[in-house]
Amino acid sequence: MKLLARTGFWLLVIVIAFFALFPFYYAIISSFRTGSALFSVAYWPETFDLSNYFAVFERQPFGRNILNSIIVSGSVVVLSLALGITAAYAFGRIAFRGRSLMLMTILAVSMFPQVAVLAGMFELIRSFGLYNTLPGLILANLMLTLPFTIWVLTTFMRELPKEIEEAAFVDGATPWIVVRRVFLPLMAPAAVTTGLLAFIVSWNEFLFALTFTLTNERRTVPPAIALMSGSTAYELPWGTIMAGSVIVTIPIIVLVLVFQRKIVAGLTAGAVKG
Amino acid sequence: MIMSSAVAQAGVSAQHQARGRSSSLTRSRVRAAWLFIAPSLIVVTLIAGWPLARTIWFSFTDASLNDLSDYKFIGLENYLANYDGEWFGILIEPDWWHSVWNTLWFTVVSVSLETVLGIVVALILNAAFPGRGLMRAVILIPWAIPTIVSAKMWSWMLHDQFGVINDLLLRLGLIAAPVTWTANADTALWAAVMVDVWKHTSFMALLILAALQMLPQDIYEAAKVDGVSPVRVFFRVTLPLIKPALLVAVIFRSLDALRVFDLIYVLTSNSKDTASMSVYARQQLVDFQEVGLGSAASTLIFLIIALVVVITLAAGRVRLGEDPR
């Protein structure tokens, strides 16, 4: 009976691991196969042909797309953290009228369906002359990252003991110095967590990137992959799509595995966004 | 449950702070608070509040995407209008209601499956076994893969002629002929559910695992001594105790699933039969340039999601960490 339970347990573990890993494994082996090889199904890596990896950069400005994604996601992270940490200090450490109402409003914003702001955001971006530019995307993506950055950082900020800042205030420090000298170093772990979550959200963002860009050179990675086509109408672009997918996914997987514990802590800390 | 204790502590310490300090210092700190919040407040108003207000306004106009400054107010015509005894508007549009149905079906089916499977995965990860850390890393991988990439990967696996899933099912003798998974409206939504479950079960499992790890161990030891069966312990002890955390996870996942766009857009190639509400709204807005109609759809989506939030909050079981002061 005990043996049966153990076997069942390990069988379940294996099934879950297989289900989680197989699609990405299959994308990798598909990315090494070209031409008519893709017309047959292979379960094991047979060839190691890198031509899809070269083709993905030759047929479209994929290098440019990756750079765009890095610029957009990087800027979004920096802006969200800069705005988020200062706001979280006020929300987390200072009692003032209207605080709960404002925090609830910010939480509500993080639940906004993206499509509900699409028309208004389109008008806003156009009127700023930011249509089909990276700053336009940065501005739009802040709507997705800033609310939960403030929320999660506020949760972290509240957990710090109150004696920390009292000593500094007794010594005559201003709130701004307290934020910079006392809380910034203490908040570093939390900032890494929320920064990573903001990076992943922005790196994966599709609806705004698809709607607010027009030309291939300005696209970020998700719309670039979604709109990839073969060199002829008859060719299946699956090999190159898989190559592109593998290229942009590996850095994210590495990030997630390295910062696994921090990400789990961030996801469970409060505002949870998938 | 996860956050309420932290919030309570913070509330108490804030009160201590407020009492123990001279009033001028308090005033200067409150001034500083507003100064620190102002930039975020301005940005959130500019990029969330204002666009939402404009979207709602556009839903009462005949605006077109070509020139957003040239429009006129047409009242509720985008929603419902009557010309010569014939009704027009989104509220009697079968395609809209079809997309609402698709979204609700997708949400209920995928979130239910994710909850059940998430509990199973969390219980496994909560058991002590060699390689537990590795397993936790493994289940995070689907979550980390960008949705667009997942959708493309699964489109390829679900390909009707060359896909690995048809090949596998044919070999196992489970199907007699290849299935056109993503092109057929009946199977396409199931395909979307499959990808969503693959991607989001780990998220659910991690939230449940966090709750499981906070449970007091002595209850389980007592149950063991009394010889209660593990299944009974799960339904009588574990499940009631993790219920608050489970509800929070289910609500967040449901809100996410209700606004699904990327997955369905890529997997089922923008087809009318499988469109979600968000896909429908964007199609009106961008593909047909009908900003008025698209905004009306967007506004309805906003109202539907707001309604879901209000109902769950009013049910009173879940407190999303409000500030007890």
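From the N terminus on, I read the elements of chain A as α-α-α-α-α-α-α-α-α-α-α-α, that is, 12 helices and 0 strands (DSSP runs numbered from the N terminus, helices being H or I of at least four residues and strands E of at least two). I note that this is a predicted model, in which local features need pLDDT of at least 70 and side-chain atom pairs count only at pLDDT 80 or more, while totals for chains, interfaces and linings use all residues. Residues are numbered from 1 along each chain as its sequence is written, chains are lettered from A in the order in which they are written, and side-chain values use heavy atoms, with hydrogens and water left out.

**Chain A**

I looked up the extent of chain A: its C-alpha atoms fill a box of roughly 75 × 70 × 30 Å along the principal axes. Of its 274 residues, 59% are buried (under 20% relative accessible area; exposed is over 50%, partly exposed in between; 1.4 Å probe, protein chains only).

**Interface**

I then turned to the contact (heavy atoms within 4.5 Å) of the two chains, which takes 97 residues from chain B and 101 residues from chain A. Together they bury about 9,300 Å², 77% of it on carbon and sulfur atoms (the accessible area, 1.4 Å probe, that two parts lose on being put together, summed over both). On the chain B side, B:Arg29, B:Phe36 and B:Trp156 lose the most area to chain A, together 9% of what that side buries.

I also checked B:Ser155, in helix 5 (residues 147-157) of chain B. B:Ser155 is buried at 10% relative accessible area; beyond neighbours within four places in sequence, B:Ser155 touches A:Trp238, B:Val266 and B:Leu267.

**Salt bridges**

I counted 9 salt bridges over all chains (a side-chain nitrogen of Lys or Arg within 4 Å of a carboxyl oxygen of Asp or Glu). Across the interface of chain B and chain A there is 1: A:Glu123 with B:Arg54, the closest N and O atoms being 2.7 Å apart. Both residues, B:Arg54 and A:Glu123, are buried.

B:Lys72 is exposed at 52% relative accessibility, and B:Asp62 is partly exposed at 34%.

I recorded B:Asp287 with B:Arg282 at 3.9 Å, N to O. B:Asp287 is partly exposed at 38%, whereas B:Arg282 is buried at 5%. Finally, I noted that salt bridges with shared partners join B:Glu114, B:Asp196, B:Arg253, B:Asp256 and B:Arg259 into one network.
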